[in-house]
Amino acid sequence: MPLSAPAPHLRDPAARGRLGGALLAAVLLWPLLQAAGFDLAALLAPENLRVLGGFLRQFLPPETGADFLALLARATLETLAIATAGLALAFVLAVPLAYGASNAARERPRWSPVARGLLTVLRGIPELVWALVFVRVFGLGPAAGVLALGLAYGGMLGKVYAEILESVPAAPAQALLRSGARRPIALLYGLLPQAARELSSYTVYRWECAVRASVVMGFVGAGGLGQLMDQAMKMLNGGEASTILATFMLLVLAADALSGTLRRALDAPPAARAAPLGWRSGTLTAAVLAALAASLWLLEMDLPALFTLEAARSMAEFAGGFFPPEMGGAWLRQVARGVWETLAISIVGTLLAALLALLLALPRRRAPWNLLLNLLRSVPELVWATLTALAVGLGPFAGALALALHTTGVLGRLYAEALQNTPPTAARALRQAGSGGAMAFLYGTLPGAAPQLLAYTLYRWEMNIRMAAILGFVGAGGLGQLLYVELSLFHHPQAGTVILAMLALSVAVDAASAALRRRMG
Amino acid sequence: MSFELDGVGLCHPGGHAALHGITLAARQGEHVALIGPSGAGKTTLLNILGTALGASSGGVRVLGTALAPAPPAAWPPPRALRARIGSVHQAPPLPPRQRVVTAVLAGRLGQWPTWKALASLLYPADLPGAHAALARVQLQDKLFARCDQLSGGQLQRVGIARVLYQQPELLLADEPVSALDPTLALATVQLLVQDAAARGATLVASLHAVDLALACFARVVGLRAGRIAFDLPARAVTPALLQALYAPPGGAAPAPAGAPPPPLPPDGYAACR
């Protein structure tokens, strides 16, 4: 064969873009670190360490009085019930919205403004803000928590369901569509078998998150473990705090085990039998339904009462108080500063977490590291924030650290899973050709896993922006601090501006991350 | 000797025995084709030579290094040895989102120092080298494409470009042309043979296309049910031997009319020698 002439220009066409990107990142990172109050010295200051140490020392022995344990058991059940009922509501909302918003099993992509818009608004407003609003309409109690979870998580589930369905190979569904199947059928036969595992594991993961969120909502009066935690933290009662934290961890571990069982059930090859439900899936379905019924019974939820005309009227009246939002120049400037600070907290927290998580996801022997990751993520950000505030003082850095700690736990687990699910052939071939383990990882495994790692990180970053806003409720800076102050002062028009800013921020982040994903995808 | 196998057997963890008492050796610079029906153990044999698998029994010596039998403490074998063995895999093991240039350069990861391998992730360390290797498989215009933009046949040739770039002393190819059309398959097998000949490297290739094996390789080894059926110069391989090699299991039944014996080399492939 003819040997071709030397190449005319051998320069990597991607190099300029990479260099530019790296420079831009460095230029952007500096002011972000500034705004997030990044200060390693504060982390190591002796007086801060002393306060934190004193509090942590009280963690032993944990409080084990019978009265307290009875209270704890009741609160735990209530938390579980809020999470379960809230997630059920979220699921009911998410399925039709995801179906409408997703382009999965469509022959031509279609823009669905209503479904997409609803999903954006639902999850653009943090569940804690929904909870604050519902507490004012329906009074203190679990109803506000369930509704808040249902709406916010409905938005999140719907968006992720839509994305998962779009991310699996489309060919089977397209083939069915072309042979005349309707869209729902093509989706059920062509996409669901591929996506079921991820969909169900994500739903179970969301249920875990809902448990944590229902704890957090206890801080604004929606009952459950959060209320107990709030009291223990406010009184710096380390013994009670450690018992409650241990309970969280048990809850998260239990959810983990449940998720594993579900996945194994999905992986098991179907029995040669016509009935759709075997004893295992039948038991599972019955158990889920029973848990839901028990939750509604425990919460004494009066579902119809939430959908009466009167409830709607008081709802509308309350919502009307936020309109028109305050648009004065001075207030807008303050809100803009809050937005910037929130962004900075979320970015710095997420970047720190991504670095730590990748390190913790690498070791082959998972057991000790999984324990650490479980510990990190079983403590909600808001609780971490109360601890980091003791460590570095109130302010945005405490928020960034709290985000980083919790997010490391979440991302570390997801990263480890993604790395394990990456086909090993590429790295194995490189090792066979004499490459070392580290290089086989960088050249073989990472390119395969990178899109997934990036998608997880970006998605987590979106969530962290919402969380960075909430962290302000315990004084960790950002938009949340503004909202909390204004709501406590009944300055509803000002609060309306902040809520709008949160929504706008969420939409902007969505757009940015979608654009990034398209570029990297 | 490039490699020596002495009574090598291999049992997969499930208990399935893939190879029995394989004794096979090749001098440095020999070109050997492996043929045989599916499941005969061709890939397993290549995996043992490529140090991907340890033998369950028998002695293995590759490029002068004796390999421990079953995967013991001394596994995996030294990187320096593995860097001298290049494999073309049946399904190219390339990450879909990796660029072709990176995939080709990865062939020398075993030879490069760590700093060079790291730096090459930021800017390709040897663009001319990657370009030249790709040019030999006529893919130079795909230098900066991503692997998932290529067709199956193009991907297979990227895998070949990688091993050409690696310049191994022992070149193992497992069905290297299974995704290529006959013309391209011939050109590609010729390329592997020429590359090995030019560098004095040993080449072992498993092929389903018997005609290609007979036309391009001096020595042909037939494998059947994990044993060596014959090990002969290509011109000594007779249609009767091939018919016996590919006969359906049970052996006694004559081949049905629908399954003729594999074709002998047509005139077109005479060009190969």
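Reply: Start with the contact between the chains, which takes 27 residues from chain A and 34 residues from chain B. This is a predicted model: local features need pLDDT of at least 70, side-chain atom pairs count only at pLDDT 80 or more, and totals for chains, interfaces and linings use all residues. Residues are numbered from 1 along each chain as its sequence is written, and chains are lettered from A and ligands numbered from 1 in the order in which they are written.

Me: What makes two residues count as in contact?

Reply: Their C-beta atoms, placed from the backbone, lie within 7 Å. On the side of chain A that touches chain B, helix 19 (425-432) and helix 20 (437-471) of chain A are the elements that give two or more residues. Helix 20 of chain A gives the most, with 8 residues.

Me: What makes something a helix or a strand here?

Reply: Both are DSSP runs, numbered from the N terminus: helices are H or I with at least four residues, strands are E with at least two. By that rule chain B has 9 helices and 10 strands.

Me: How is the side of chain A that touches chain B made up by class?

Reply: It has 16 nonpolar, 8 polar and 3 charged residues. Ala, Val, Leu, Ile, Met, Phe, Trp, Tyr, Cys and Pro count as nonpolar; Asp, Glu, Lys and Arg as charged; the others, Gly among them, as polar.

Me: Why are strand 6 and strand 10 of chain B called edge strands?

Reply: Strand 6 (85-88) and strand 10 (227-233) of chain B each pair on one side only. Pairing requires that DSSP finds at least two bridges between two strands. The open sheet has 6 strands in the order 6-7-8-3-9-10 (chain B), with mixed pairing. Neighbouring strands of this sheet are turned by 15° against each other on average, direction ignored.

Me: How do you know that strand 6 of chain B pairs with strand 7 of chain B?

Reply: 4 bridges join strand 6 of chain B to strand 7 (residues 170-174) of chain B, and pairing needs at least two. The two run parallel. B:Gly86 stands opposite B:Leu171 in strand 7 of chain B.

Me: What joins strand 8 of chain B to strand 7 and to strand 3 of chain B?

Reply: 5 bridges join strand 7 of chain B to strand 8 of chain B, running parallel. Here B:Leu172 stands opposite B:Val204. Strand 3 of chain B pairs with strand 8 of chain B over 4 bridges, also in the parallel sense. There B:Leu34 stands opposite B:Ser206.

Me: Why is strand 8 of chain B described as largely enclosed?

Reply: 5 of the 5 residues of strand 8 of chain B are buried, so it is largely enclosed by the rest of the structure. Buried means 20 or more other C-beta atoms within 10 Å of the residue's own; exposed means 12 or fewer, and partly exposed lies in between, with C-beta atoms placed from the backbone. Side chains alternate between the two faces of the sheet in a regular strand. B:Thr202, B:Val204 and B:Ser206 are buried on one side, B:Leu203 and B:Ala205 on the other. Across the 273 residues of chain B, 47% count as buried.

Me: Which helix lies across strand 8 of chain B, and how is its angle defined?

Reply: Helix 7 (residues 182-199) of chain B lies across strand 3 (31-35), strand 7 and strand 8 (202-206) of chain B. It runs at about 160° to strand 8 of chain B. Axes are lines fitted to C-alpha atoms, for helices over the stretch in contact, and angles run from 0 to 180 degrees between N-to-C directions.
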